[in-house]
Structure formats: C-alpha cells, structure tokens
Amino acid sequence: IKFVEKDVNVYKVEEILQVIENRYGIKKDDVDVCVLNDGEFLIPGFVDTHTHAPQVPNIGSGQQHELLDWLSEVTFPMEARFKDVTFARKAYTSVVRRIIDCGTTTCCYYGTLHLEATKVLAEIVHQMGQRAFVGKCNMDRHSPDYYVEPSPERSLEDTKELISYIRSLTPPPPTSSPTYGEGESLVKPILTPRFAISCSPELLASLGNLASEDPTLNIQTHISENESEIVFTKSLFPNEVLEKFGINHHHHNHLDFNSTHKHNHKHDTKTKHTTTTYAGVYDAFGLLRENTILAHAVHLEEEEIEIVKRTGAGISHCPTSNFNLRSGFAKVGMLLDKGIKVGLGTDVSGGFSPSILTAIQHASICSKVVSLSSPPSSSSPTTPTSSPTSSSYTSRQLSVPTLFYLSTLGGASLCNLTSQIGSLTPGKQFDALLISLRSNSGNPSIWGWDLDLEVGVRGSGGEPGEEGGRGKGEKEELEGLLERFLFCGDDRNVRRVWVAGRLVGGKDFGI
Ligand code: GUN
Ligand code: FE
C-alpha cells in the first residue's frame, strides 16, 4: 500500500482493512497492526489514561521527592501559575501539541483547580482534534493557601460550569470525506476529585451526587499510590465520617442510585465499614463505577481489589511515575488475572515523559521486577500469548502483545470506549498512527529497515508479494518490528497521527 495521507482520509476503516486483507491475506477481524511499506506500519493510536497537563513544564525536576513532598515542593507551585489564563494558553498549546505528536490519540487530562484555565485546556484539545477527557481538579483542603478551593460549594459550581462548557463545544468541521467522528465533539468532561486527601467529605459527597445524576459522566482520581498517602487517607476518613457523609455503601449493588440515598445522607444502622480502605472511601461516596479511572493502585489490599472488581472501575498503571516517585510496583499481571481493566498512564510530571512508549517500557520493567520477587516455581520461561487476559500473569513479565494491548485497547476499556477506539477494527473510528522505523526517521536507536545490514529485522528484503519476500514470515516480522518500536521508538518514529479519520499530528504533520 502506497501510503498517501489524502487517500487515507477518504477511506473508512473497513476499506483500509479490506485493502490490507486483499494484499496480505491478513483477516480483517484480527488486524491490530498493519504492514504498509517496508519499515512502516499502522497501529491504533495510544490511549494515555492519566496525565496532568499543567505539570508538563515541570518534567524532570524535583525527582528526589516522594509523593506528598513532591506535591508541595514542586507540583502545587507550578499548577498555581495557571491562574494566569495567558500563561495557561501558552503552556497548554505546546503541551497538547507535544502529547499528540507522541502518538496519544485519546488522553485523560487533569487540569488545575482553575475553571478558566481548564476551559482553555479543553478548547485547545478540541481545536487540535485530539480525543480527550478534561477535568478540573477538585481540591478544597490539605492544599497550600495559595492553591486551594475556598469551599466545596464553589468547587462543585465550577465543576458544573466546566462540564457545560465542554459539552457545548461544537463538533469539528467535517473532513473532506466520510469519517466516524462527525456530529460529536471528541472532548468530554470528566469528574476529577484530585485524591481523597485534598477533598473534604462534603465535597466528595456532592461529587458523588453529581455523578449519580449522570451515569455517562466519567470520573478520574488517584488511589493507593504511596504509603504515607494511604496512612493519611485512612486517618481522614474513619468509618464515622463515611457513615455520616457517604452516599453509597458497600453492601448495596453498584450503580444502585435512587432518590432515597441521593438526598438522604443518613443511613440505616446496617451500614458498616468495618475498616476503612482507600477504595472503600471512594466507594462510600459513589465514585467507583464502570467509567471510573483509578491511577496508580500500587498498594491495593485484597478487599480493595474486590471493590474495584465489583464496581467495574479500571486501573491506570503509571510505572514511570511509580518508579520515579519511589511509590512502588503495581501488580498489573495480578490485576489482569483477576479480570480488572487496566490501561497505561504517563502521569506527567510524576512520570518524566509524555510518551506512552516510555510507560510501555517501564510497564515491562515493572512486571519483570514483580516476577523477580515471585516464588521461583512461577518464574519459569513464558511464551507470550496474544490473548492479554487469558492466562496467568500474576508472577510473570508482561508479553509484547499485552503491553501493546494495555497502551491501546486496555486504555480504551478504562474510558468505556472499546466500541469506538482501541483497535483497527471495522466499525470503529480511525484513531491510528503511521509508524516508520526507516533510518530517515532520524531515530538512531533503531537499526534502519533500509540499511540492508541483515540485523534487527527478520526476513527483510524483497518486495511484498515477491517470491522470497514477504508472506509467510509476515506476522513474525511485524511482531519483531513492533517490539523494536515499543522499546526503542520515540516521537521521531511517529510520522502521522489520525483521530476520527482526521490527520492531527506526527512528525510529517504540516510538512
Ligand atoms: N496525587 C494527588 N495529586 C497527584 C499528582 O498530581 N500526581 C500524582 N502522581 N499523584 C497525585
Ligand atoms: Fe497523577
């Protein structure tokens, strides 16, 4: 397939896949990666399920700290600067451009606590054509005087206003051709209680009520990231507090909201939270459900894993940040084995890279660290499986297909968007990346496809369809290429980025 941008714009996903099937005999239904020309291929766009747009200017600073000190020493001072809308506009313009060019087609953004600056973030994301969830941090306590919301009421009001603003954004003008993205804005609001520590019980209760009124509203927050954070959280939410302010309780079926407990904060005496857990706090306020994204989940207790599973919430695995802030190693394999949804997050600037590729690399290392500390019997050599959740990962390293899954379809599952994005499947929207490993991409870490050195790429040489060329070894060759890209690639290899069929970024964008 000669890859020409304007041609892709006039194809629907079905048509592109049909061409690939005709040419390469790859079945339409199981295309996750498509071969194009030598050294080039097409993959689904990356989903970053957790990042902080206003922290991008801080990347690479203050990494001697653990979470709570890092927040007060490094993070809050920078976020406070976004009170200045001019500063925010300038910063967010370059931040969003950079994140799109890294190949992130769907991004879950935390803004700051500021309403106006967060509107600007949503507007810029919308205008640049990225698919995204944008939230304003709710934080009305345990934050510095210069960076805290004055009251739970004000926090709720600003949140509602941001939601209406984002929902009023008009859909992008149609492209020259049929795409699936028309008629709907790609930017959605997301409730963003920063974390339990920074939210009063009154605030969490009002956010829980807001959520219960609108089951389509996505929710994101942090959970169980750091030991000191967990201890502090538990101390702030003893059972009495949950019983007094909570709007939900754990023996109720999830999503069982109705007017009786929407407006009634008093509960029957059967409500018992025998011990407080971090997940139990969010659950008590009705904030855990199928469209909730929980970032980190490094130190979850058994009981919390059950709560996450029961409510259908998903985990954003942020290994770069978890290493960098010395938070710990999330047991992602175990979560996958339990059938919990998992995606990847960069968590900038806890994580020092806005690229999902870095998160993939660290997710691999993290899983190897976990497997090293597991009993020897279970650390036997493993064969990668193409089914990411089918066999035991609890004490094993994650395979390449699983890492790829986490960065695409797994992320989509956290956003409840698997019917629309996450894979190059007929009927889904065309959110895709053109990847080039050719030496002229400018990344010297990957031995160029076209160097003709018989290193690195398996079965290279020959034109597609030629005798002795591609064909039988196609799949293996492609997997090898994909692995090299995931581990050694960077934004120089991301040549084109499409969201809903629209070209929105990449190294060749605007050339
Ligand atoms: N917990 C509360 N706020 C933050 C944040 O900005 N980054 C991370 N990594 N954890 C948090
Ligand atoms: Fe974070």
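Colleague: Which residues surround ligand 1?

Modeller: Around ligand 1 are His52, Leu67, Leu71, Thr75, Arg194, Phe195, His222, Glu225, Ser321, Asp347 and Gly350, where near is a C-beta atom, placed from the backbone, within 6 Å of the molecule. Keep in mind that this is a predicted model: local features need pLDDT of at least 70, side-chain atom pairs count only at pLDDT 80 or more, and totals for chains, interfaces and linings use all residues. Residues are numbered from 1 along each chain as its sequence is written, with chains lettered from A and ligands numbered from 1 in the order in which they are written.

Colleague: Switching topic, where is Tyr109?

Modeller: Tyr109 sits in strand E4 (residues 104-110).

Colleague: Why does Tyr109 count as buried?

Modeller: Because Tyr109 has 28 other C-beta atoms within 10 Å; the cut-offs are 20 or more for buried, 12 or fewer for exposed and partly exposed in between, with C-beta atoms placed from the backbone.

Colleague: And what does Tyr109 touch?

Modeller: Leaving out residues up to four places away in sequence, Tyr109 touches Thr51, Ala53, Leu121, Ala132, Phe133, Val134 and Gly135, a contact being C-beta atoms, placed from the backbone, within 7 Å.

Colleague: How far apart are Tyr109 and Leu398 in space?

Modeller: They are 26 Å apart, C-alpha to C-alpha, and 289 residues apart in sequence.

Terms used:
Helix = DSSP H or I, 4+ residues; strand = E, 2+ residues; numbered from the N terminus. Contact = placed C-beta atoms within 7 Å.
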